[in-house]
Amino acid sequence: MTSTAILAYIPSPAQGVWHVGPLALRAYALFIIIGIVISVVWGDRRWVARGGTKGTVLDVAVWAVPFGLLGGRLYHVATDWKTYFGPGGQPIEALYVWNGGLGIWGAVFLGGVGAWIACRRRGIPLPAFGDAVGPPILLAQAIGRIGNYFNQELYGRATTQPWGLEIYERLDANGRLDPLNGVSTGFVEKVVHPTFLYELLWSVAIVALLVLVDRKYTIGHGRLFALYVAGYCAGRFWVELMRDDFATKIAGIRINSFTSAIIFVLAVAYFVIATKGREDPATLKSNDDEDRESDAARESTSAGSATDSDSVDADVDAGKPDAHEVQASDKKAEEEGSTRG
C-alpha cells in the first residue's frame with residue numbers, strides 16, 4: 001500500500017527530526033517548549049486577574065517544569081520498564097527523553113511538588129495557584145500531542161474510518177528501520193485511529209469548559225484544578241481503550257486506564273469536599289510584594305522625618321528659637337517669678 005492509494009486518510013509527517021549540522025531539531029521537543037511558553041504567559045495573566053503578582057507563574061515554572069519533566073519520564077519508564085530493562089532492552093535509553101515518553105501523571109505529580117516548593121517560598125496558596133494555571137497546563141498538554149503526531153506514536157488500533165492515520169515506514173541514512181528518527185519511504189505500514197488527536201481535541205474542549213465555569217461561577221481553593229484533572233482523566237480513560245500498542249497491564253487492563261480511573265475519583269472527591277468560593281485576592285500577594293510595600297513605607301517615613309528635620313534647621317537658620325530654647329526660656333521665667341514672690 002502506498003500513501004497515494006487511499007487519499008481520504010490523514011497522512012503522517014515524513015519525519016519528526018531535522019538535522020542542521022550537528023544539531024538535531026526535534027518536533028516533539030519543539031511542541032513541548034511551545035506548550036510550556038504559552039501556559040506560562042496565559043497562566044500569569046490568569047494569576048494577575050485573580051489578584052496575584054505579575055511574574056509569579058514564571059518564577060514557579062522554574063521549579064515546576066524540571067520537576068514535571070523528571071516525573072513524567074520516571075512514570076513512563078516505571079510503567080514501561082520492560083522496554084528498557086527487559087530482554088533486548090537498552091537501559092541507557094531510559095534517559096533519551098527526546099525520543100518521546102513522558103507520562104502525564106508523573107509530570108503533574110512531581111510538577112506539583114516543584115510548584116508547592118516555589119509557592120511556599122513566595123508565601124502563596126498552592127490550590128489558588130493551581131486554579132489559575134489549570135487550563136493553561138491542559139492546553140500545553142494538547143499542544144504537546146502534536147509532537148506525538150510527528151513521532152508517529154500513541155496511535156490506536158487499525159481502522160477504515162476516513163479520518164484514519166497513515167503510519168509510514170521510516171528509514172535512517174543507513175537504510176535501517178527507525179520510526180522516530182528516520183525519513184518516510186512513502187510506504188504505509190498501517191492505518192490507525194489517531195488517538196493522540198482524539199486526546200488533543202478532548203483537552204481543548206475541557207479547556208474551553210474550564211474557562212467558562214471559571215467566568216460564570218466563583219470557584220477557587222483548588223476546585224477548578226480538580227475539574228481539570230477529572231475532565232482530562234475521563235477523556236484519557238476513553239482514549240486508552242482504543243489503543244493496542246505495548247503497555248504494562250494489570251488483570252488484562254492497561255495501567256493508564258487504572259490510573260485514570262483512580263485519579264478521576266480522587267479529583268471528584270476533592271471538588272466536592274474542598275472549600276467553596278474563592279480566595280481573598282489579598283492572600284495571593286507574594287512575600288516579595290509585602291517586602292516591597294514595607295520598604296516603601298519605611299522610605300516614606302524616613303522621607304517625612306527628614307523633611308521635619310530640615311524644617312527645624314530652617315527655623316533655626318532664620319533666627320527662630322527651636323523647642324529646646326523655648327523650654328529653657330519658660331523655665332527661667334518661672335524661676336524669676338518665684339524669686340519675686
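This is a predicted model: local features need pLDDT of at least 70, side-chain atom pairs count only at pLDDT 80 or more; totals for chains, interfaces and linings use all residues.
Residues are numbered from 1 along each chain as its sequence is written, and side-chain values use heavy atoms, without hydrogens and water. Local features need pLDDT of at least 70 and side-chain atom pairs pLDDT 80 or more, whereas totals for chains, interfaces and linings use all residues.

Me: How do the axes of α1 and α2 cross, and is α1 oblique or parallel to α2?
Reply: The axes of α1 (residues 27-49) and α2 (residues 56-79) come within 8 Å and cross at roughly 135°. Axes are lines fitted to C-alpha atoms over the stretch in contact, with angles from 0 to 180 degrees between N-to-C directions. Angles under 35 degrees count as roughly parallel, over 145 as roughly antiparallel, 65 to 115 as roughly perpendicular and the rest as oblique. Therefore α1 is oblique to α2.

Me: Which residues of α2 make the contact with α1?
Reply: Contact means heavy atoms within 4.5 Å. On the α1 side, Ile36, Val40, Gly43, Asp44 and Trp47 take part. Their partners in α2 are Thr56, Val57, Leu58, Ala61 and Val65.

Me: How far apart are the end C-alpha atoms of α4?
Reply: Helix α4 (residues 104-122) has 19 residues, so at 1.5 Å a residue it should span 27 Å. The expected span is 1.5 Å times one less than the number of residues. In agreement with this, the end C-alpha atoms are apart by 26 Å.

Me: What share of the protein chain is buried?
Reply: Buried means under 20% relative accessible area, with a 1.4 Å probe and protein chains only. Within α4, buried residues include Trp105, Leu110 and Cys119. Of the 341 residues of the protein chain, the buried share is 39%.

Methods: Helices (H or I, at least four residues) and strands (E, at least two) are DSSP runs, numbered from the N terminus. Buried means under 20% relative accessible area, exposed over 50%, partly exposed in between (1.4 Å probe, protein chains only).
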